[in-house]
Amino acid sequence: MAPRFDFSDLWVKETRRGTPVVVKMENPNYSIVEVEEPDSAFQPMEKSRGKNAKQVTWVLLLQAHKAVGCLTWLATVFWSLLGSVKRRLSFTHPLGSERLGRDRWLFSAIKLFLATSLAILGFELVAYYRGWHYFKNPNLHILTSKLEIQSLFHLLYVGWLSLRADYIAPPIKALSKFCIVLFLVQSVDRLILCLGCFWIKFKKIKPRIDDDPFRNDDVEGSGSEYPMVLVQIPMCNEREVYEQSISAVCQLDWPKDRLLIQVLDDSDDESIQQLIRAEVTKWSQKGVNIIYRHRLVRTGYKAGNLKSAMSCDYVEAYEFVAIFDADFQPNSDFLKLTVPHFKEKPELGLVQARWAFVNKDENLLTRLQNINLCFHFEVEQQVNGVFLNFFGFNGTAGVWRIKALEESGGWLERTTVEDMDIAVRAHLHGWKFIYLNDVKVLCEVPESYEAYKKQQHRWHSGPMQLFRLCLRSILTSKIAMWKKANLILLFFLLRKLILPFYSFTLFCVILPITMFVPEAELPVWVICYVPIFMSLLNILPAPKSFPFIVPYLLFENTMSVTKFNAMVSGLFQLGSSYEWIVTKKAGRSSESDLLGLTDIESKKMPNQILRGVSDSELLEISQVEEQKKQPVSVKKTNKIFHKELALAFLLLTAAVRSLLASQGVHFYFLLFQGLTFLLVGLDLIGEQMS
């Protein structure tokens with residue numbers, strides 16, 4: 001009889017803690033060890049030997065227990081997600097979707113792709129389970145000619161394979177190659193911008209001024225050397241932020257007789273008008289030179305508001321104009337850090353400061369926006385300002401030479417990006433710009449996806465509108481040829497048109513289609529390595545956001561739907577390209593809390609504030625104070641975004657199809673990208689609108 005080396009007794013003693021398991025085997029196989037030398041029995045045995053049937057059973061049971069636990073955890077997470085979705089959808093707005101209107105074409109196209117992909121997936125699943133794995137064979141043409149047709153369904157499947165290889169795959173390959181070339185060109189442009197930023201940091205290049213170039217040494221305390229500065233605060237129904245913005249601007253450190261503040265209120269809500277007017281009255285009684293203006297005819301949005309304010313007769317006495325949107329809170333030394341750059345530089349038309357965000361850490365959406373905007377200010381605008389003396393005006397936190405505005409044609413109401421419009425026209429007239437990366441102005445980023453989406457739609461449809469309108473002016477202008485090429489090829493085409501086009505087409509259309517057309521499969525470096533490298537470059541100006549690199553990459557692909565739709569709307573002048581919706585704000589203030597400081601000062605000097613105020617103004621102020629004390633009921637709602645949801649199901653369907661071809665990287669990318677679209681489509685990112 002063969003020798004036995006059975007350690008089952010020891011195994012049972014050590015592990016018998018629960019219900020014993022008895023395994024009966026008809027033909028047991030025992031491990032046999034041949035002992036040739038005395039010490040050979042104590043040498044380590046191979047892993048494939050020395051295990052009996054009972055040990056194998058226990059190992060299998062343990063693995064099964066782990067698998068069941070993992071499946072239970074996944075089921076719990078999925079069930080919790082469904083419960084969260086159900087709770088969120090119970091508070092959804094009755095209309096429950098974004099305005100489709102004339103932009104419904106994109107939603108219809110996505111639905112068509114989704115229906116087609118579902119039909120093809122079902123068709124190929126049946127073929128797969130019947131054992132027809134022909135899509136893995138590279139010699140498809142030879143194979144189809146030798147196949148023995150088994151049934152009508154088999155004939156249809158073979159015909160589909162031939163149609164796919166001969167007629168569908170070639171145009172998809174051509175389009176994918178075109179998009180990949182655009183992708184690489186845009187990546188090279190971004191890499192060059194980053195290298196330029198590194199060079200600026202290495203050489204410590206930045207605009208410099210004297211300590212106080214407007215100081216008059218002859219007359220102590222005289223402000224006669226300081227130029228006349230006009231400050232404008234355009235706003236429209238800004239209930240949440242009007243007070244802190246006016247408070248910050250009124251505390252600017254500049255001679256009072258050389259400064260005038262215009263509060264340009266376009267609000268159509270009378271209660272908000274009363275609040276803003278009362279705030280202006282309060283600061284006027286403190287000795288601040290401030291004026292409240294309200295238009296009766298509200299045309300042209302922000303451009304019309306600024307154009308109307310610049311038409312006042314008293315504006316002729318001022319040399320510079322600083323513009324702040326309603327949520328911006330400049331520091332008191334803002335004018336002393338920006339206006340001196342104009343001295344002895346008659347060709348300088350604009351000095352632009354950087355934005356800083358008080359709510360960048362509020363939620364995931366604000367963190368992702370901070371990554372994008374930090375790259376825009378730190379890299380794009382700084383590099384263009386140093387090497388080209390040109391960049392797009394941001395519409396706020398900047399100081400213009402009024403002469404430059406007038407010679408460039410002033411504010412025009414022809415687009416929704418009046419800031420970019422005036423910057424391009426000033427550049428064509430030979431004016432130079434300076435960007436100050438060290439001067440920061442506090443502001444807000446949208447905290448809800450709905451507000452962010454509307455903002456991005458305006459920011460990407462307006463440039464295409466402007467490109468149509470100013471292309472002829474660029475070509476016929478007298479600026480250098482390389483400046484024309486920079487405007488047309490880089491400023492407009494590459495960064496405003498090509499970027500949203502290839503991002504949406506390549507990652508949201510071509511990639512899921514290639515799962516159903518394996519002959520046109522995208523290489524791994526296109527969907528993985530290059531995007532990750534570009535995301536690393538984008539996140540360098542905000543290194544604290546490095547843990548969010550994967551959500552940032554997925555979210556940027558998700559936003560490509562909105563940007564592509566906006567780009568097409570602006571290029572072909574669809575209805576939504578003329579739409580201007582004021583970005584909803586939460587009213588976040590800085591850590592110093594300028595409002596609290598203002599309230600303390602007002603409590604210290606109540607008599608001085610109200611001195612000289614008429615009875616009607618006193619009555620209005622008392623009504624405003626009572627209105628502030630009344631509790632405001634806020635009902636937050638969320639929406640369903642149809643395009644994002646449709647693309648979520650399309651990408652998830654493509655992920656299921658990729659399993660048939662065992663495409664690992666493609667599957668994971670499609671899965672996580674589809675889940676990101678699902679979360680965004682259900683408005684599960686950011687805060688809800690009130």
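**Entry 1: ground rules**

I noted that this is a predicted model, in which local features need pLDDT of at least 70 and side-chain atom pairs count only at pLDDT 80 or more, while totals for chains, interfaces and linings use all residues. Residues are numbered from 1 along each chain as its sequence is written, and side-chain values use heavy atoms, with hydrogens and water left out.

For elements I used DSSP runs, numbered from the N terminus: helices are H or I with at least four residues, strands are E with at least two.

**Entry 2: salt bridges**

I searched for salt bridges (a side-chain nitrogen of Lys or Arg within 4 Å of a carboxyl oxygen of Asp or Glu). The structure holds 21 of them.

I went back to E418 and K302, whose side chains meet in a salt bridge at 4.0 Å, N to O. E418 lies in helix 12 (residues 418-428) and K302 in helix 8 (residues 301-310), so this pair ties together parts 116 residues apart in sequence.

I then looked at R164, which forms a salt bridge with E124; their closest N and O atoms are 3.1 Å apart. This pair links distant parts of the chain, with R164 in helix 5 and E124 in helix 3 (residues 104-129), 40 residues apart. R164 is buried, at a relative accessible area of 0%. E124 is buried as well, at 2%.

E378 lies in helix 10 (residues 364-387) and K201 in helix 5, so the pair ties together parts 177 residues apart in sequence. E378 counts as buried at 10% relative accessibility, whereas K201 counts as partly exposed at 43%.

I also checked for shared partners among the salt bridges of E418 and K302 and the others. Salt bridges that share partners join E124, R164, E519 and R657 into one network.

**Entry 3: aromatic rings**

A pair of aromatic rings is described by the distance of the centres and the angle of the planes. I used these cut-offs: rings of Phe, Tyr and Trp (its six-membered ring) pair if their centres lie within 6.5 Å, and planes under 30 degrees apart count as stacked, over 60 as edge-to-face and the rest as tilted. A search of the whole structure finds 25 aromatic pairs.

One of them is Y452 with F555, stacked, at 6.1 Å centre to centre and 25 degrees between the planes. Y452 lies in helix 13 (residues 449-476) and F555 in helix 16, so the pair ties together parts 103 residues apart in sequence. Both Y452 and F555 are buried.

F667 and Y668 have ring centres 5.3 Å apart and planes at 65 degrees, so this pair is edge-to-face. F667 counts as buried, at 18% relative accessibility.

I also found a cluster in which ring pairs link F390, F391, F393, W400, F433, Y435, F467, F491 and F492.

Next I looked for charges over rings (NZ of Lys or CZ of Arg within 6 Å of the ring centre and within 35 degrees of the ring normal). K496 lies over the face of F491, at 4.5 Å from the ring centre. K286 lies over the face of W283, at 4.0 Å from the ring centre.

**Entry 4**

Two strands pair if DSSP finds at least two bridges between them. Four bridges join strand 1 (residues 229-235) to strand 4, and the two run parallel. Four bridges also join strand 4 to strand 6 (residues 398-401), and these run antiparallel. F320 in strand 4 has V229 opposite, and F320 also stands opposite R401 in strand 6.

Helix 6 (residues 242-250) is mostly covered, with nine of its nine residues buried.

How values were computed
Buried means under 20% relative accessible area, exposed over 50%, partly exposed in between (1.4 Å probe, protein chains only).
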